[in-house]
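Let's take a walk through a structure together.

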Amino acid sequence: MRRTLLGAAVVAVAAAGLPALAHADSAGTAGAAWVGSCVSPDESSRACGAWRLRLRSGKQVTVADAAATSVDAAGRATDETGAFAVSADGRWIVYERGSDHRLAVRRAAGGRVTLLPKSLTRLGTDVLTVRLSPSGDRVLLEYDDTDAKEPGKIVTVATGKIVELSAGDDLEGFSADGDEVLAQRYNNDNTTTLLAVGLDGSRFAQVPPQVVINAAARALAADGRTVAVLAGERPRLRLYDLSTDRLAAAVDVPLPKGSEVYHIQWSGADRLTVKTQSGGDDKPTVVRVLTVDTATGAVKPVETFTFTARQHAWMTAGE
Amino acid sequence: MKLRILAAVAVAMAVLGVPGQVAVADPGQATGHDRGHDHAQSRGDAIRYASAQGCPQKDGTAVPCGTWRLVSHKGEVTPLKDAQLRALGADGKPVDYAVAPVAVSGDGTRVAYFTKAGHLAVRTVKGGVRVLPKDALPPRTSQYDVTLQLSDDGARLAVVAGRAQVFDTATGARLGTLPRNSVFVGFSGDGEKVLATMDGAESVLEMHVYDPAGRRLLSDTPPQLVSANGPHALHADGRTIAVLVGGTKVKLYDLADGQVVGGHAIKLPKEGTVHKLDWTGDNQVTLHVSQYPTGKATRMTVLQHDVTSGATRVRDSYSMLKDTFVFAACGG
């Protein structure tokens, strides 16, 4: 096993300021997380070393007890990258503990660790995708098991309470307030249903227009029914109401050319946080975080991250 | 997730049986089927399908060989002697692996093809040949890049090579050209309109209806039920689309209103591949369903489905010539 990395300061944060993140103490929050890359004897690469957080203060810190790689149901080590996520506000992280691969939640700045119920990882962590709610109070779990039998779950961190979702649904993420999740379900007539499922059991479901389901990125608003979609080579924003099946007119969003939208999330009543990436392959990947005014389409840059091939896996806050 | 709609009528398949041996297509089924078309011509002489033979190579693969053969409903096999079999590439030389396209009209009365001289032609069964103008295709067009499709009555021919053009088969005149980026799907039931799709600006599939001159009559972004399924067929009314949904239903969608306006379940032959859906009456669609049983000749079942009552009956059922490499079946 050869380690190709470690120690190098490879994440650059542009000094663009943080206008959209008006936290007084945003310096202690994480903008991104990443784990290094090692080459296995068979030439394939895998995650290795420690997960690191890029704090908005400019500092980089190590999450010493987070596992770089996951385990299967029998507890054997795999080459799959370990579960990890950063909340949209950058204050919280979830990861699998290196010692026992149980899921753990704590503040990005450090502090007490909350362990999630052991039952959540009984199928192994290699099949697991984790997401944190925007304020870090809930964790969304999705199992990529072969027979799609294990239902996704929403866990409230403070209480450990688990709400099960429908097995087989593809989960897209939390709504802006973390009270609902957006999911899709493939139907045998080849259409796809989009659902907003609330923790309280409420739900809105529609087979939406093509533009909604074909869009590159979707996000559910805090109201649990309004879906924002960004679609097209010259991206246009539309709002879609899952309770009424109404699709609003498109707004042009003048994003920089050559960048591809890969993630959107509501970050205010009329504001989306949009992530684009460009580069990749042999070149570094540049991730731009921007905000978009949902009424006017106006774009404001927030921050920029650069990731290289030495980083096996990376994510920005809220992905 | 995007559905590609193929307008191709030629379906490639593996070589079955012994090369050179000409089997008569299932004579037991060759008679007694009835109309579905109100054409004066006796159905028996009409073309059921066109077949190209496959010849095995030293390396075990097969290449098309011989002459395009027209197989009639009576089971007669007639070589289409003046037709190009192996596609000519842009350099004018034949390629080994692909046939020049042919198309048979839904009523089996006409066949469109490339002549050996390299021109597009339409032949009428027991009738003459109409050769299309030399400039019907851009110079240096590879024949394997061309798709031909005749309307149900054979009166119109679509020539798709990049852009789609519509020709009158009686006069050979070009009636119109569809806009760039427009993907030809098929003629309406009466051949007077054209259904096409186009990729829209926001990652959607749009559907358009044109007249033969290429003027757009209707435009719609249909719901997932229509865009995520296929094949599609346009009614003679120029607005109602029939679409096979999930292989189990024929649904009707009104492009002008944006409404699903009906539909019934349909039972298809086991493991059948539907490669054509066409309107053959005001309330009737016809489906061509092929099956590929291992070690046996390809089987074709032609179903008539009443979209009002939901009733389905078998209009025709036959096995292809055993040595068939590629076939082109009728549309409607």
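Which residue is the bridge partner of B:Arg110 in S9(B)? That would be B:Thr124.

## What you're looking at

This is a predicted model, where local features need pLDDT of at least 70, side-chain atom pairs count only at pLDDT 80 or more, and totals for chains, interfaces and linings use all residues. Residues are numbered from 1 along each chain as its sequence is written, while chains are lettered from A and ligands numbered from 1 in the order in which they are written.

The predictor gives the complex an ipTM of 0.86 and a pTM of 0.86. For chain B, the average pLDDT (the predictor's confidence in each residue, from 0 to 100) is 87, and 87% of the residues score at least 70. Residues 1–41 of chain B come out below 50, and in the model this stretch has 89 contacts beyond near neighbours in sequence. A contact here means that two C-beta atoms, placed from the backbone, lie within 7 Å. Where pLDDT is low, the predicted coordinates should not be read in detail.

## Two sheets in chain B

Back to that bridge. B:Arg110 is part of strand S8 (residues 110–114), which pairs with strand S9 (residues 120–124) of chain B in the antiparallel sense over five bridges. Strands are DSSP runs of E, at least two residues long, and helices are runs of H or I, at least four residues long, numbered from the N terminus; two strands pair if DSSP finds at least two bridges between them. These two belong to an open, antiparallel sheet of four strands in the order S7-S8-S9-S10. At its edges stand S7 (102–104) and S10 (129–131), each with a single partner strand, so one side of each has no neighbour in the sheet.

Another open sheet of four strands in chain B runs S15-S16-S17-S18, again with antiparallel pairing. Its edge strands are S15 (183–187) and S18 (216–220), which pair on one side only. S17 (residues 205–210) and S18 pair over four bridges, and B:Tyr210 stands opposite B:Arg216.

## Chain A and the cores

Chain A has one helix and 29 strands.

A nonpolar core is a set of buried Ala, Val, Leu, Ile, Met, Phe, Trp, Tyr and Cys residues joined through C-beta atoms within 7 Å. The largest one has 81 residues, of which A:Ala33, A:Ile93 and A:Leu230 touch the most other members. Strand S3 (residues 30–39) of chain A gives the largest share, six residues. Apart from this core lies another of 80 residues, including B:Leu70 and B:Val166.

Most residues other than glycine have a negative phi, and most peptide bonds are trans. A:Glu43 has a phi near 80° and sits in the loop between S3 and S4 (45–55) of chain A. With 6 C-beta neighbours inside 10 Å, A:Glu43 is exposed. A:Asp281 has a phi near 55°, and is exposed too, with 7 such neighbours.

In chain B, the peptide bond from B:Gly230 to B:Pro231 is cis.

Conventions
Buried ≥ 20, exposed ≤ 12 C-beta atoms within 10 Å, placed from the backbone.
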